[in-house]
Amino acid sequence: MAKNVSLASVDQKLAMAKRCSHEGVVAGAKAAVVASVATAIPTLACGKMSPWARANLNPTAKALIVSTAAGMAYFIVADKTVLATARQNSFNRAKAQQLNH
């Protein structure tokens, strides 16, 4: 009987981990889209208006600027979301254990 309970507990923890990571991926993807747009507009505008940028930034450099901002936004937001969701689940689990005992 104890083995079944521990398997159920492991399955529940695995389901929570999958939900936490999925929420992190979704939030990270949204942040990456916003960061891409917010970075692409001034980068491309600067490339058209500034003589220095026109001379020194080729299309690869402009793409690198935009993709770096998007990647950083994705990983930062995904990490913070996963940690916040895990912390909330931990508090909820601790509260449920206190009520059961």
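Read along the sequence, the pattern of the chain is α-α-α. This is a predicted model in which local features need pLDDT of at least 70 and side-chain atom pairs count only at pLDDT 80 or more, while totals for chains, interfaces and linings use all residues. Residues are numbered from 1 along each chain as its sequence is written, and side-chain values use heavy atoms, with hydrogens and water left out.

**Exercise 1.** State how many helices and strands the chain has, and set its radius of gyration against that of a compact globule.

*Solution.* Step 1: the secondary structure comes to three helices and zero strands, taken as DSSP runs (helices H or I, at least four residues; strands E, at least two) numbered from the N terminus. Step 2: the chain has a radius of gyration of 22 Å, whereas a compact globule of 101 residues would have one near 13 Å. The radius is taken over C-alpha atoms, and the globule rule is 2.2 Å times the number of residues to the power 0.38. Step 3: along the principal axes, the C-alpha atoms fill a box of roughly 75 × 25 × 15 Å.

**Exercise 2.** Describe the contact between domain 1 and domain 2.

*Solution.* Step 1: domain 1 covers 1-57 and domain 2 covers 58-100, with bounds from an automatic or database domain assignment. Step 2: the contact (heavy atoms within 4.5 Å) takes 22 residues from domain 1 and 18 residues from domain 2. Step 3: the buried area, which is the accessible area (1.4 Å probe) lost on putting two parts together, summed over both, is about 1,600 Å², and carbon and sulfur atoms give 74% of it. Step 4: helix α1 (residues 2-49) gives the most to the side of domain 1 that touches domain 2, with 20 residues.

**Exercise 3.** Locate the salt bridge found in the whole structure.

*Solution.* Step 1: the criterion is a side-chain nitrogen of Lys or Arg within 4 Å of a carboxyl oxygen of Asp or Glu. Step 2: the search finds one salt bridge, and between domain 1 and domain 2 the count is zero. Step 3: R19 pairs with E23, their closest N and O atoms being 2.8 Å apart. Step 4: R19 and E23 are separated by about one helical turn because they are four residues apart in helix α1.
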